[in-house]
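Hello,

Here is the structure I promised to pass on. Please open it first, then read the notes below it.

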Amino acid sequence: GIFQTKVQRVWYAVLCLWVPVWIKAQLIDPFPFQFRLYTTQQGLSDNNTYRCLQDGYGFLWITTLNGLNRFDGNRFVQYRHLPGDTNSLAENDLPALAIDAENRIWTGGKMGINLLDQTTGKVTRLAGKQWPGEVAALAYDSSRKCIWVAHRNGMARLTANPAVKMDDNIVIPLNQPPNHIKPLPNGWILMHVTRRQSWAYHPEKKVLRKLAPYNWLTGTLVTADGRAWVCGWGTGIHQLHDTGFDARSSYYPELENYSVVISDIAEAPALTGDSVLWVIGTNTGKMLYHKQKKTIIHRFAYKPEWQVGTAVELHNSAYYAPNGTLWICSWLGLEKITNHTNQFHKGELPALHTVQYNMLSGIQPHSSRPGMLWVGIHGSGIALMEGSTGIIEKSWYRISPVRGQDIYYGNRWIQ
């Protein structure tokens with residue numbers, strides 16, 4: 001035949017074995033993430049979610065077009081404005097969110113600021129002429145232990161120790177309301193204004209700078225190496241120089257198009273390492289940008305018929321939680337992105353029957369009862385579970401001061 005020599009026959013055999021493996025490798029998704037979408041069907045107060053952050057207890061807080069939500073991994077608790085109840089939120093449309101070191105929840109909207117104290121359940125409304133009105137964005141400054149507010153007339157600094165007071169109110173002539181505020185490692189506070197230029201303020205130097213135009217900036221990210229990145233509508237993504245805000249040291253030209261709307265950027269080391277940024281678009285889905293290669297290396301498209309794939313587009317913001325989960329707030333719900341290798345099962349774990357949480361932190365077999373498992377539950381103490389059914393036989397937990405039925409968040413692992 002064609003392969004006359006022994007060497008040729010060996011190479012033919014190698015090719016027969018290697019080619020199918022190579023073809024299969026090309027068909028496998030290099031980023032096999034698990035996407036899950038939470039909507040009003042799972043208990044969200046509204047599908048249009050603005051922002052989310054995790055507090056020190058492990059709760060995820062989500063602001064929406066219609067109220068504030070607290071998520072424990074299994075159940076949503078809703079907070080809304082109640083007419084006549086001064087201990088409720090001042091309004092339900094809440095685009096702004098921040099959480100301070102005391103795990104107090106700060107939200108904001110057109111009616112001002114709401115401050116929720118989890119230890120007492122009390123809501124304090126900061127409204128009126130003495131407080132910033134029409135709040136668009138909030139951010140906690142861990143180095144100064146204060147809250148920065150982007151409002152209709154500029155930016156302000158609030159502290160709460162224990163009474164809330166306003167230390168700074170920097171009035172800036174804005175033609176449009178701001179949409180984002182972020183403290184940077186170099187001490188500056190960066191604020192983006194809708195359809196206008198951005199501003200930077202240094203509290204200690206008392207210096208206010210108007211930045212070079214970047215079209216419409218929408219988000220700011222400080223990566224693990226301390227560098228600041230910005231993104232926007234028709235702006236692309238840019239890394240800011242340490243010495244100033246005007247220079248662009250890295251960008252992707254394809255995204256610098258007015259028809260491309262980027263809502264936010266995020267870094268998720270547990271999912272994609274520290275060389276890749278998640279680019280979250282309103283009309284472009286999700287993209288992975290390689291910082292060193294300066295190019296898009298992967299795109300996630302929305303196809304309802306896909307069993308595994310991105311859940312939604314029309315994104316508002318992104319948040320990377322300490323446990324390695326990437327959360328995306330969108331017009332269509334709250335999306336969770338995890339790595340398959342970090343899941344105990346391919347799908348979601350079943351809700352624990354006698355405990356309201358399923359954020360597991362560890363599993364160990366029972367030493368004397370085959371088939372029974374000790375389960376460490378993040379926020380729910382420990383439980384004894386039947387491995388084949390998932391039914392909880394007994395659980396031990398500590399009641400939290402948050403509410404009588406809530407369970408203390410503290411466990412990280414079980415030994």
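This is a predicted model: local features need pLDDT of at least 70, side-chain atom pairs count only at pLDDT 80 or more; totals for chains, interfaces and linings use all residues.

Where does Ala268 sit? It is found in the loop between strand S22 (262–266) and helix H2 (269–272). Ala268 has 0% relative accessibility, so it counts as buried, the cut-off being under 20%. Thr338 is 70 residues away from Ala268 in sequence. In space, the two are 10.0 Å apart, C-alpha to C-alpha.

Now to strand S22 itself, where Ser263 lies. Is Ser263 buried or exposed? Ser263 counts as buried because its relative accessibility is 8%.

Next, a sheet elsewhere in the list of strands. Four strands form an open sheet in the order S2-S3-S4-S5, and the pairing is antiparallel. Strand S2 (49–54) and strand S5 (76–79) are the edge strands, each pairing on one side only. From one strand to the next, the twist averages 20°.

Inside that order, strand S3 (residues 60–64) pairs with strand S4 (residues 67–71). The sense is antiparallel, over five bridges. Thr64 stands opposite Gly67 in S4.

Best wishes

Notes
Residues are numbered from 1 along each chain as its sequence is written. Side-chain values use heavy atoms; hydrogens and water are left out. Helices (H or I, at least four residues) and strands (E, at least two) are DSSP runs, numbered from the N terminus. Buried means under 20% relative accessible area, exposed over 50%, partly exposed in between (1.4 Å probe, protein chains only). Two strands pair if DSSP finds at least two bridges between them. Axes are lines fitted to C-alpha atoms, for helices over the stretch in contact, and angles run from 0 to 180 degrees between N-to-C directions.
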